[in-house]
Amino acid sequence: MNSIWKKYQSRVLNTILGENLDRDELDYWRDRLFAQILVWFLPFSFLTIIPGISMWLNHGFILLPIVAFLRFVIVLGVSFVPGISNTNRKILLIGSIYVVTTVLLSYFGLLGPGFIYLFGTTVLAALILPKKFAMYTVGFNAAIIGLISTLLFFGGLDDFPVSSYPIVHWVVISLIMVFLSWVFALAIPTLFLKLQKHISNEEKLKRRMKEDQAQLWRTLGQLKQKTNELEEINYITSHDLQEPMRNIKGLLNFLEKKMVANKESGQQASEIMQHISSLSDRMSRQIHSLLEYSRIGRNSNPKRVFLSEVVEETITEFSEKAKCLKVRFEVENELEEVIGYSYEIKQLLTHLIDNALKFRKVEDEPQIFIGSKEKTNGIVLYVKDNGMGIEADYHQKIFGLFQRLNPLSQYKGAGIGLAHCKKIAELHGGKIWVESKLGSGSVFYVFLPKTQMNYDQ
Amino acid sequence: MTNKFNCILLLDDDPSVNFYHRILIDDLKLTDELLIAEMADDAIFLLEKRLKEKRSFPDLIVLDLNMPRKSGWDFISYLKKRKFPEIFPIKLAIVTASENPDDKNKAENISEVTAYYVKPLGEEEFMELLNMP
């Protein structure tokens, strides 16, 4: 028995609610209430056929069982027939109640169940339908009462029990009923709206809180990145910058000792001086590039960057050097526009081109190809050369701060260029990597994502 | 107690460090033969060549940790793989700019490492190395 009831209940709920599970919407809850009401209303409307039949047999009111049966059939249809819109189902239910109500009213008048039905219909409409429908039922109520009053007045209902009421009572009580149903038609939807507002406000707050939290996490991530960077710089100042410093001190000590002992040779002294000078140069180069490194992205905001223009400018800056080395530059396609930091992107290109020229093959004329590939979530910029290439073992290491692949005596430079490039790519939320084999050139790729970064127009 | 090394190998990518160590070694007359390399691969090439030519093998290697391409650690792995510290009496001195305690701990756990110094070495350190068993 229990399981049959459950099956029946879920069948009705399924017919009404279907796939709609949007609990944020008031309509969902109205439909849900409607379905729940139907579950109980169907057996109830079946049971009301019995007193109808009894009234027919005892008093000859033939209309009562007919409309009661009719309503049962309609409620049955409303509960189970698929493919009807929920608004129509509700209107059908309310309409069926109205038919029964009108018949009851015209038989029994104020004391009969019809009057309660009339009021109940408005409440039901207010619960399951939008506000305007509840107002319509108030109008219907007034119209039905008006119709019966008119019939009474002209003696059209003289055979029915209703005719025993004085017309004045009828009018007064009817007015009160219409007024009450009007109050409920106003109050219930208002209550619903207020509740919904409250709930949706709460939802909004929850969403805002989630957004705030996400923002907080982002900021925390940025903070962590900054801290890491500071630690890295800290380590470097204590390590890489100390090294030439100590060396200078050692050389000076040595020189001093020699001078005190009066044993230094002019030639050795001048050699020592040369080393001290080059060490100081190196230190100042390192300090300079470290400052540059920490400044990346600090003094500007993301803007529209026309990559083609930036590439053009950068190549122009290399024109003098390019002439000397007989470099062939080639821009392989029209480059897109990105949102980013134009000064930094130019720096990145400068480093990559500078490296391509620095590590060219002695025997070949340098060729540098620049281009881009469109990806779904961004673009990949590439700088390709025909230079010496890099072994796979060092494809990661080269992007570290002060990492070098060649001894100082062979190639000058602070060993910071690619670390700059990496930081610039990361500043854009992108990344940098290299594809290369020793002896057969390198391709540096920079992925720049299409972000929803806020930017200055 | 020996008063001299047979052969010293300096391995550091910084030519100024090598220069400073060289003039100090010269001044202290610490060795007859001084080998200098700026990259681990060059040093490996030198050692292999000496082995082949059966010339005297360095009994002191002054090794930098942070170098381009192969690091000092890589060079130590090479030495161990070739079993050089077992065959030859090599004193291995790590000299690095790094005061990183991790590096120092790592060095202390390698039995082949004789000493760990912050660079550059001075007269005292060289004498210490000379007098170490």
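This is a predicted model: local features need pLDDT of at least 70, side-chain atom pairs count only at pLDDT 80 or more; totals for chains, interfaces and linings use all residues.
Local features need pLDDT of at least 70, side-chain atom pairs count only at pLDDT 80 or more, and totals for chains, interfaces and linings use all residues. Residues are numbered from 1 along each chain as its sequence is written, chains are lettered from A, and side-chain values use heavy atoms, without hydrogens and water.

Q: How many helices and strands does chain B have?
A: Both are DSSP runs: helices are H or I, at least four residues, and strands are E, at least two. Chain B has six helices and five strands. Their order along the sequence is β-α-β-α-β-α-α-β-α-β-α.

Q: What share of chain B is buried?
A: Buried means under 20% relative accessible area (1.4 Å probe, protein chains only). Of the 133 residues in chain B, 54% are buried.

Q: At what angle do the axes of α3(A) and α4(A) cross?
A: Axes are lines fitted to C-alpha atoms over the stretch in contact, with angles from 0 to 180 degrees between N-to-C directions. Helix α3 (residues 49-59) and helix α4 (residues 63-80) of chain A cross at roughly 165°, and their axes come within 7 Å. Angles over 145 degrees count as roughly antiparallel. So α3(A) and α4(A) are roughly antiparallel.

Q: Which residues of α3(A) and α4(A) meet?
A: Contact means heavy atoms within 4.5 Å. From α3(A) come Ile49(A), Gly52(A), Ile53(A), Met55(A) and Trp56(A); they meet Leu64(A), Pro65(A), Ala68(A), Phe69(A) and Phe72(A) in α4(A).

Notes: Buried means under 20% relative accessible area, exposed over 50%, partly exposed in between (1.4 Å probe, protein chains only). Angles under 35 degrees count as roughly parallel, over 145 as roughly antiparallel, 65 to 115 as roughly perpendicular and the rest as oblique.
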